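Subject: Structure handover

Hi,

Here is the structure we talked about. Please open it next to this message and follow along.

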Amino acid sequence: MLQMASRMGVLGTETAFEVLARANALAAQGRSIINLGIGQPDFPTPEHIVEAGRKALADGHHGYTPANGIPALRQAVAADLWRRHKVEVSPNHVLVVPGGKVTMFFAIMMFGEPGAEIMYPNPGFPIYESVIKFSGATPVPMPLYESAGFSFSADEVLEKITPRTRLMIINSPANPTGGTVPRAEFDKLVAGLERHPQVAIMSDEIYGEILYDGAEHVSLLSYPSLRDRVILLDGWSKTYAMTGWRMGYGVWPEALFPHAERLAINCHSCVNASAQYAGIAALEGPREPVERMVRAFAERRTFIVAELNKLPGIRCVQPGGAFYAFPNIAGTGLNARGFQSELLDREGVATIAGTSFGAYGEDYIRFSYANSLEAIAEAIDRIRRFLGNLPAASRN
Ligand code: PLP
């Protein structure tokens, strides 16, 4: 009998991939499916980026690159962070990795072990809690509140820090809520963190450029008091519609960088060379394609939130960023899991139960509006019919 390490038993997953499989299976039976479950832009990668990748292949960039990424790419990342946040970052502290997830995995594995505590947003990206458990550390949820636009409360978070807390994960704008943490809340958190110098912070800012109505993206890199303990997670997947290219990066504090780089060498050696050239074109090229995509998301956001709020038993706050709406469905009488599976089976609308993002996601459903306005409008009609047909027993 094969005997795996016991930690394999605690590794979680992303329900999004399971919902996608179920939706595809229903579509294969001929059912009409509208997918509002998927967490990736429904736009192609802008052509000038694709062309740079093609050119890199034609130019013969077929070999290994430096483990931390090609120098021109790391310089482009530093220049981009200056453009966006007016923070100075040394290209030597940028580690290019295959996707946003890898920085997350490295940071959690670097700090997590039995006896350590790692704080993470809940509801939040499911991989945080999964990898924290895998590392052997204890996951400590930081609840997010609908009434606060899905921000955490800095006072509550600071109260939860113990001498065993090693890492705190922050994600704004957030998956699955679309919430952004207000600057005042960050200011309070950062001031309080000065009393806890043993706590590193991993700030997942992968949705930082997908923002609406003047909602502000505050980068934790911009707080000087945290600079020696903030790990920035960012990447190309969402901003440039490049989920399949597997391009991400971390900005690591000087003392941590060599350890992160060693993890990279042990794990993947380097990122696909042609994708790195495409990554330079993304950062240095025109902003117009990104702006056009964000304008399209903004229009859909306004539409889906207004329409969800017209449905019986559902209320939805305006998300400040990302491409998710996270309505409260408690008034329908269904729980999150039941809503997700019944809606998919009966009406062919794929969504994700809030509980897939942690226990604090009960009573919520994640809708991704990375789909056309027409598809969203049709989904809303189907949800209205679904709610109208619910047996009285499920309404309480
Ligand atoms: N962080 C958050 C909050 C995400 O939602 C995602 C993807 O859904 C990632 C990181 C991972 O991005 P990537 O596909 O680049 O690994």
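This is a predicted model: local features need pLDDT of at least 70, side-chain atom pairs count only at pLDDT 80 or more; totals for chains, interfaces and linings use all residues.

The largest pocket has a volume of about 500 Å³. Its lining counts 28 residues. Closest to the centre are Glu 14, Gly 39, Lys 101, Phe 125 and Lys 238. By type, the lining splits into 14 nonpolar, eight polar and six charged residues.

Where does the largest pocket lie relative to domain 1 and domain 2? Domain 1 covers 6-44 + 288-387, and domain 2 covers 64-284. Both give residues to the lining, so the pocket lies between them.

Three helices each supply at least two lining residues: H1 (15-28), H4 (100-111) and H5 (126-135). Which one gives the most? That is H1, with four residues.

Now the serine. Ser 135 sits in helix H5, one of the helices that supply the pocket lining. Is Ser 135 buried or exposed? Its relative accessibility is 10%. The cut-off for buried is under 20%, so Ser 135 counts as buried.

Its side chain reaches the backbone oxygen of Ile 132 at 2.6 Å. Leaving out residues up to four places away in sequence, Ser 135 touches Ile 108, Met 109, Gly 112, Glu 113 and Pro 114. Of these, Ile 108 and Met 109 fall within the 100-111 span of helix H4.

Best wishes

Definitions and conventions:
Residues are numbered from 1 along each chain as its sequence is written. Side-chain values use heavy atoms; hydrogens and water are left out. On a 1 Å grid over the protein atoms alone, a cavity is a set of points where a 1.4 Å probe fits but cannot get out, and a pocket is an open set with protein on both sides within 12 Å along at least five of seven lines; lining residues have an atom within 4 Å of a point. Grid points are joined across faces, edges and corners, and a volume is the space filled by probe spheres set on the points. Ala, Val, Leu, Ile, Met, Phe, Trp, Tyr, Cys and Pro count as nonpolar, Asp, Glu, Lys and Arg as charged, and the others, Gly among them, as polar. Domain bounds come from an automatic or database domain assignment. Buried means under 20% relative accessible area, exposed over 50%, partly exposed in between (1.4 Å probe, protein chains only). A polar contact is a pair of N or O atoms within 3.5 Å; within protein, one must be able to donate a hydrogen and the other to accept it, and residues adjacent in sequence count only if both atoms are side-chain atoms. Contact means heavy atoms within 4.5 Å.
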